[in-house]
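Hi,

Here is the structure I promised to pass on.

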Amino acid sequence: MASDISYLSLVYLLLLLVPIFFLNRRIGHSFNTSMLVSMGRMVVQLALVGVYLTWLFSYDLWWLNSLYLLLMAAVAAGSTLTHCDLRFRQLFVPVFLGTLVPPAAMILFFNGVVVRLQYLFEAKYLIAVGSMLLSNVMSSDIVALRHFFEGLRKQEKSYQYALALGADRLSALMPWLKESVSAALGPVLARTATIGLVSLPGMMTGQILSGQSPLIAVKYQLAVMVAIFIAQYASIHLTLWLSIRRGFDGYDMLKPDLFRQKK
Amino acid sequence: MEPDRIPAVSLEHIHLSLGDRVLFQDFSLRIDPGDKVVLNAPSGSGKTTLLRMVLGFARPDAGSILVQGTPLSCQTVRSVRRSCAYVSQDVDLRELPVREVLTEIARYPANRDTDLSRAAVNPFFQRLNIDDDIWDKDIGELSGGERQRLGVAICAALDRPIWLLDEPLSALDDESARATVDLLTGSPATVLAISHHPGLMDSGGFREARF
């Protein structure tokens, strides 16, 4: 079991930011404010997570754990749309479903078939692994959606020309679909290929620190990496497919009110 | 003209405004099968928009568009597009080698029964003075004139009954323009073209529609 960290020790660590703050001021780096805001947010958010996860784990109710997963998926979908400058009204439902369904199916498979839990909704697994899947799915969905819609908007005439030359909506969109899937999954595969060589992944490090044998930690890490990749792959395709269904009108034209005005 | 023939393209009482600008106000145009029509109107008056409306890329505020007697709607737009071949002003093909562009077009659902092989397309390339080495060139490498002739050649190879051409001659030298005009006038297809090139009207094969 890993040694506990006292609150005072955490404060010592945070105090090391003070010289960085003054060094930044001296050099003229402009990110002191964003550094303080980011660190402050992290401290508050993680403190809150600690409180409510302790509460959630103590009850460990299937519906409460599932509700938490739903909320995380809703927040992830909202964040995806905000990052892609897309309107909630048009695309929240498709992006929410695309973000939720593949990780939810994967976590149930992971718990039931891989870890062989009796209770599939056990908070420790459902929430910890589920949030890991959701955060990775969100990152890849952001890249895929942004690439797809921005690329298409810039080259809309090429898309329309393909329609005029005999393509149906899906075959006309295929070049942008392929590009966005590659853009989203390329970095994931590159990271996967170097795992263990360049760095030890966070989950594995956490397990080793908490007293688990490195071999078991490696097995979990491997299972989680594969689960993440499959969830990302499925989510990107589902999110794009559902968004295409909502994002085009009956004439196969991209709906102009899909995009938010950039500030 | 036989009045009872179903027109190839018919625009009826079209109204369209973009912002404060009125582009079309009660505009009507009938084009019979096999007709060759060149649209003549000042720049910015909506000629390109008119072609885009026939393809369902732009929609009028009021009025109706019929293609081969079929009213354009979201139910019919795909079959309407399948009866038209289009060359846009900038020939907006994706930046790929010409060979791959043709392969991609041949895979589109509407073209499954159309032969777009090298053997089928080369005669059109020859008629339009396009060198055989174009197959290995990237679209981005082509000159404006080569792009336009490639667009027209693809249009001809698709062998559709209605051709919609947006400035197909603007970047062509006299010889290529003549070859292109010959191809257009010799085709049995209905042609609706936007062009300021004198070669089209001088050919005697086109009638002018002013608005």
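Predicted model: local features only at pLDDT ≥ 70, side-chain atom pairs only at ≥ 80, totals over all residues.

Residues are numbered from 1 along each chain as its sequence is written, while chains are lettered from A and ligands numbered from 1 in the order in which they are written.

One open sheet in chain B has four strands in the order β2-β1-β4-β5, with antiparallel pairing. (Strands are DSSP runs of E, at least two residues, and helices are runs of H or I, at least four, numbered from the N terminus; two strands pair if DSSP finds at least two bridges between them.) β2 (21-31) and β5 (70-71) of chain B each have a single partner strand, so one side of each has no neighbour in the sheet. β4 (residues 62-67) and β5 of chain B pair over two bridges, and B:L66 has B:P71 as its bridge partner.

Another open sheet in chain B has five strands, ordered β6-β7-β8-β3-β9, with parallel pairing. Here β6 (84-87) and β9 (207-210) of chain B stand at the edges. β3 (residues 36-40) and β8 (residues 190-194) of chain B share four bridges, with B:V38 partnered by B:A193.

Chain A is divided into domain 1 (1-59) and domain 2 (60-258); the bounds come from an automatic or database domain assignment. Their C-alpha centres lie 28 Å apart.

Cheers
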